[in-house]
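The tour goes from one selection to the next.

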Amino acid sequence: METFKRRSDRLINNNSTREATAKKENNEKKIFPCVKYVKYGGKIVYLTDMSEIAEAADSLIQWVERQQHVPIPLSFDMEWPFSFQTGPGKTSVVQICLELNCCYVFQLTNLRKLPAALVALMKHPRVRMHGVNIKNDVQKLARDFPEMKLDDLKHRCIDLGTWCNEINETGCRWSLDRLCNYLINQTVDKNKKVRMSNWHVVPLNKDQLMYAAIDVYVNWSSDLPGIGKSSANKKRKAVSDCWKMVE
């Protein structure tokens with residue numbers, strides 16, 4: 001015999017679902033409030049030529065070896081074109097940040113292989129690369145450029161989302177935007193028009209360059225040292241230490 005739920009039961013279930021959804025949305029608003037966008041006013045070094053990228057990477061290696069504190073945090077991210085017909089394209093842009101006021105954007109479109117100096121920088125024993133979902137990024141980079149052998153690099157990369165979950169005892173799936181919002185009460189402008197743009201086309205436009213630079217700069221936001229001044233932010237201070245890679 002076919003049975004039907006009474007209308008009152010259906011109303012109760014619908015109300016419960018709406019209440020649960022509303023509660024979840026309210027909690028997310030408390031955790032991720034509407035905040036201002038991250039702004040970057042520092043220098044962007046944009047290079048597309050093999051020799052220029054190699055020279056810049058070699059200069060950064062020399063800078064790393066002059067530093068007294070270790071490990072040295074290297075903020076890292078990548079961009080590539082995406083097509084709904086063919087899927088993700090080859091890695092087109094690698095961006096790194098070692099200092100607050102300077103971000104490097106290396107466009108790889110015209111390169112058949114990665115400069116040896118760039119590989120050496122990323123694998124330097126004094127350097128710890130960090131970012132959100134960084135292990136997936138370096139894995140893709142190694143697939144696109146076979147000379148970038150993973151070795152132990154994947155295990156030496158620090159995923160900031162994983163750190164945040166460990167320290168805060170949460171189970172969130174963090175994006176850079178959400179993590180930035182949570183840590184420094186700012187948000188990253190993830191304009192879809194820029195995010196889904198043609199990253200393989202040379203040259204990049206000013207919006208693409210700013211987008212790429214902000215992704216790595218945000219880890220070095222000047223607001224980070226202020227996190228943790230109150231007891232209520234004690235755990236967030238620990239997470240900010242992760243962002244600065246203080247070990």
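A polar contact is a pair of N or O atoms within 3.5 Å; within protein, one of the two must be able to donate a hydrogen and the other to accept it. Keep that cut-off for the first stop. The model is a predicted one.

**Stop 1: Q95.** Select Q95, which lies in strand β6. Which backbone oxygen does the side chain of Q95 reach? The side chain of Q95 reaches that of A212, at 3.3 Å. Is Q95 buried or exposed? Q95 has a relative accessible area of 0%, so it is buried. Now show what surrounds Q95. Leaving out residues up to four places away in sequence, Q95 touches S75, F76, D77, M78, E79, Y104, V105, A212, D215 and V216.

**Stop 2: helix α2.** Select residues 50–66, which form helix α2. The 17 residues of α2 reach 25 Å from the first C-alpha to the last, close to the 24 Å expected at 1.5 Å a residue. Within α2, colour I53, A56, A57, L60, I61, W63 and V64, which are buried. Why do the buried residues of α2 line one face of the helix? Seen down the axis of α2, they fall within an arc of 160 degrees, so they line one face. An α-helix has 3.6 residues a turn, so residues three or four places apart point the same way. Then pick E55, E65 and R66, which are exposed on the other side of α2.

**Stop 3: the cover over α2.** The strands among them include β2 (43–47), β3 (72–79), β6 (93–99), β7 (102–107) and β8 (127–131). Helix α3 (116–122) is also part of this cover.

Stop 4: Select C157, which counts as buried at 3% relative accessibility. Select C180 next; C180 counts as buried at 0%. The count of disulfides comes to zero.

**Stop 5: the whole chain.** Clear the selection and show everything. The protein has ten helices and ten strands. Of its 247 residues, 43% count as buried. Among contacts between residues at least 6 apart in sequence, 71% join residues at least 24 apart.

**Stop 6: confidence.** Colour by pLDDT. The mean pLDDT of the protein is 80, and 74% of its residues reach 70 or more. Over residues 222–236 the pLDDT is below 50, and this stretch has 21 contacts in the model beyond near neighbours in sequence. Residues 242–247 also have pLDDT below 50, with 20 such contacts.

Conventions: Residues numbered from 1 in each chain as written. Heavy atoms only, no water. pLDDT = per-residue confidence, 0-100. Contact = heavy atoms within 4.5 Å. Helix = DSSP H or I, 4+ residues; strand = E, 2+ residues; numbered from the N terminus. Expected span 1.5 Å × (residues − 1). Buried < 20%, exposed > 50% of the residue type's maximum accessible area, 1.4 Å probe, protein only. Arc of directions from axis to C-beta. Disulfide = S-S within 2.5 Å.
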